[in-house]
Amino acid sequence: MSIRSILSVSLAAAMVTACGGDPCGSLTEPLLVASVQLAPARLNLRVGQSRQLDAVPLTQCNQPVANVSVSWESSDPSIVTVSSSGMVTGVTPGNATVRASAEGRTGVTSIDISVVPIAEVDIVPDNVSVGLGYDVVLAVQVMDSAGNILAGHAVTWGSSDPTVASVDTNGRVTGVAVGGPVTITARAGNVVGTTLVTVIRPSANTLSFSVEPSNVAAGTAIAPAVEVTVLDSLGNRIPGDTTTVSLALGTNPGGGSLGGTAVVAAVNGVAQFPGLMLDMAGAGYTLVASASGITPVSSAPFDVSPGVAVGFAFVVEPASALAGALITPAVEVGVVDAFGNIVAASSEAIDIRIGTNPGGGTLSGTTTVVAVQGVATFSDLRIDKIGAGYTLEAANAGRTPATSQPFDITAASPTTLAFSVQPSNVLAGDSITPAVQVTVVDSLGNRIPGDTRAVTISLGVNPAGSTLGGTLTVSAVDGVATFPNLTLDQAGAGYTLIASAAGITPASSAPFVVSPGVAVGFAFVVQPTSTEAGMVITPAVEVVVVDA
């Protein structure tokens, strides 16, 4: 199918002065187009070559006619094309005609299109290296024997080893495997150009967290798995790279430990770390990735939250205190996960009690407290008896108890004396056994260890007017005064002893009985009185059997 291009111009009447009866004579009348002259009349072009044709409309007297529209047409545009201005271009080898028409008149040019023989196919660049997994685009020039570039020739690309370096139809070469050199060919017609391509492994330049660590609960694997990519200097992943990458904790706000496999060989340039976990809660953790010869890189921050509540822990341990005094600072017990992290969401009730009880003490104060943000505060605890190595236990019905560190309850200031060994019933003149003991105690009855004050024993209630014998003043040893040889000489029921010491309240013993000793003789209870001879002595004389 022919293509017609029309150049539109205004047609103006050309006026001339004709002379005589000659058609080209002196009469004034419009000039008509009688023919169209084309130059050149025949033309030889190469494929891809262009040439401008000239068309001149003429009268029958061969005079040019101005301001006439000329249209152009190729008999076979697949061989030669023509523009609206008469520029012809060779497309494929062959012959075609080009017509120029004006006012129904036509001029014709015959055009032969030929192919210039290809002398050389040149590939640029020559002898190139490409990184594994990278691309390089090759350029090709088809030239004649004079070095002129020939356009319009199809080029077919090929590779001597596509498993190392492949090439597509546009000359894009891709490094498939490390190796080479591989010959890359470009064929135009029967002429082949070549270049050599070597596939190299790019140098590892840096690391990048391609999958950052996400927020996670303590003891739970970070998901999705952290990934670190090995990059070249341009920030591209290095396919086939097997660099060993190590992970460690960077910022460590909770003092946690990193668990899981932290050293991994990259696969195809990517090191994946499944199963990473941390044990301690904290906000703003980071990981640091490193590899030999590469600058370490830090991850984005992430948080570790507490795990599931499983028990209790003493956040503030009980401190040693005086008997009956507040244990300060206030004991605090936290609801914790398996790693000891406080589970702030918990508001469960926690009970506290004495665990180890060396002094037989009693725990007083508020012993059941509801946790606030996972922590229960026991602010008014006291223990009344002294002892070394007390412990407290925190528990409730659903949890295993937690035991505190040991602590001591010591005595307060001495306030009084107490008979720790009461006087027992005794025979007159015998030593009271076991030996009477008096202890220096505080207001709660706790012995004052180390106290050495002098303690004195005297008779309190003395029903028989007895005299107290033995050592009556003894220095206490570790808070206890022992009286090993106390005696009374007169039998009687309801005796008591009084223990006293400087600066503290005296103490009275329990009542006891003094019985007569072993009979050794007699004694006149009622002596005989003077009386007349033969008269009865009155009052009656009385004699008793007496001890010593």
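Q: Let's start with burial: what percentage of the 548 residues in the protein is made up of buried residues?
A: Buried residues make up 35% of the 548. A residue is called buried under 20% relative accessible area, exposed over 50%, and partly exposed in between, using a 1.4 Å probe and protein chains only. Keep in mind that this is a predicted model, in which local features need pLDDT of at least 70 and side-chain atom pairs count only at pLDDT 80 or more, while totals for chains, interfaces and linings use all residues. Residues are numbered from 1 along each chain as its sequence is written, and side-chain values use heavy atoms, with hydrogens and water left out.

Q: How many helices and strands does the protein have?
A: Helices (H or I, at least four residues) and strands (E, at least two) are DSSP runs, numbered from the N terminus. Here the tally is zero helices and 59 strands. The radius of gyration is 62 Å, well over the 24 Å that the globule rule gives for 548 residues, so the protein is more spread out than a compact globule. That radius is taken over C-alpha atoms, and the globule rule is 2.2 Å times the number of residues to the power 0.38.

Q: What does the C-alpha trace span along its principal axes?
A: The spans are about 235 × 60 × 35 Å. As for the surface, the accessible area of the protein is about 26900 Å², with 54% of it belonging to carbon and sulfur atoms. Such areas come from the Shrake-Rupley method with a 1.4 Å probe, and for residues only the protein chains shown count as cover.

Q: What percentage of the contacts with a separation of 6 or more joins residues 24 or more positions apart?
A: Contact means heavy atoms within 4.5 Å. In this protein, 58% of the contacts with a separation of 6 or more are between residues 24 or more positions apart.

Q: Which residues is Ser298 in contact with, beyond four places in sequence?
A: They are Phe209, Thr286, Leu287 and Val288. Ser298 sits in strand β32, residues 294–298, and is partly exposed, with a relative accessible area of 43%. From Ser298 to Glu212 is 86 residues in sequence and 9.9 Å in space, C-alpha to C-alpha.

Q: Where is Ser404?
A: Ser404 is in the loop between β44 and β45 (407–410). Ser404 is buried, at a relative accessible area of 6%. Apart from neighbours within four places in sequence, Ser404 is in contact with Phe314, Glu317, Pro318, Thr391 and Leu392.

Q: How many salt bridges does the count come to?
A: A salt bridge is a side-chain nitrogen of Lys or Arg within 4 Å of a carboxyl oxygen of Asp or Glu. By this rule the count is five. In one of them, the side chains of Asp112 and Arg42 meet at 2.9 Å, N to O. This pair links distant parts of the chain, with Asp112 in strand β12 (residues 105–114) and Arg42 in strand β5 (residues 42–46), 70 residues apart. Asp112 is partly exposed at 21%, whereas Arg42 is exposed at 54%.

Q: Which side chain does Glu348 meet in a salt bridge?
A: Glu348 meets Arg399, at 3.1 Å, N to O. Glu348 lies in the loop between β36 (331–336) and β37 (349–354) and Arg399 in strand β44 (residues 399–403), so the pair ties together parts 51 residues apart in sequence. Another salt bridge joins Arg453 and Asp451, whose closest N and O atoms are 3.0 Å apart. Arg453 is partly exposed at 24% relative accessibility, and Asp451 is buried at 10%.

Q: How far from Asp241 is the nearest side chain of opposite charge?
A: Lys and Arg count as positive and Asp and Glu as negative, while His and the chain ends are not counted. For Asp241, that nearest side chain is Arg201, 5.6 Å away, and Asp241 is buried yet has no salt bridge. Asp241 lies in the loop between β24 (226–231) and β25 (244–249). Not counting residues up to four places away in sequence, Asp241 touches several residues, including Arg201, Val230 and Asn268.
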